Amino acid sequence: MKIKAKLLLGIGFLFFMIVLLTALSSIFINKLSVDTKQILVANYNTIDYCRQMLISLNNGMDKTASQNDFRNYLTKQEANITEVGEKELTEKLAADFKKLVSSPGDTLDRRQIQNDITDIMLLNMQAIKRKSKIAENTADTSILWVAIAGVICFVLAFTMLINL
């Protein structure tokens, strides 16, 4: 084989390895990005809505503004159900809120609403923890495969360097 053909073959092979390593890295980074976005979008919003509902509840349900704020965030929460069991908890919260609006001074209803909100927040915090573990596993897998591909490319490139 001529030297020119060997150089073209060697450089072409190195180019292929670079493209392979880049594609592999891009795939794993994209996968990791998707995993982390799932954590932030759905569960974070629910926790924020619950926090806002607690603030409204603490401001007093005898005030129309507090009731409207609570109702606004409850509506947002009803549209943001993402976890198993969250729908039931949100429906219970809505029912307890209706009871509290009809008798704003009832401390039992108020305490029940606090418990409902806490349950929803706990469910979402557990989901964040679970999804974070998935993202961590994806990152570990990504690092492993990119490192393996990098070592293989290095060994092949080094072998070609010595042979050429």
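Predicted model: local features only at pLDDT ≥ 70, side-chain atom pairs only at ≥ 80, totals over all residues.
I started with helices H2 (residues 64-78) and H3, whose axes come within 10 Å and cross at roughly 160°; axes here are lines fitted to C-alpha atoms over the stretch in contact, with angles from 0 to 180 degrees between N-to-C directions. That makes H2 roughly antiparallel to H3 (an angle over 145 degrees). Helices are DSSP runs of H or I, at least four residues, numbered from the N terminus.

Numbering runs from 1 along each chain as its sequence is written, and side-chain values use heavy atoms, without hydrogens and water.

Next I listed who meets whom, taking contact as heavy atoms within 4.5 Å. On the H2 side I found Gln-67, Phe-70, Arg-71, Leu-74, Gln-77 and Glu-78, facing Glu-86, Thr-90, Leu-93, Ala-94, Phe-97 and Val-101 in H3.

Then I turned to H4 (residues 107-163), whose axis comes within 9 Å of that of H3, crossing at roughly 160°. H3 and H4 are therefore roughly antiparallel too. Their contact includes Leu-89 and Lys-92 of H3 and Ile-113 and Ile-117 of H4.

Last, I looked at cysteines. Cys-50 counts as buried at 0% relative accessibility, and Cys-153 does at 10%. I counted zero disulfides, defined as pairs of cysteine sulfur atoms within 2.5 Å.

How values were computed. Buried < 20%, exposed > 50% of the residue type's maximum accessible area, 1.4 Å probe, protein only. Helix = DSSP H or I, 4+ residues; strand = E, 2+ residues; numbered from the N terminus. Parallel < 35°, antiparallel > 145°, perpendicular 65-115°, else oblique.
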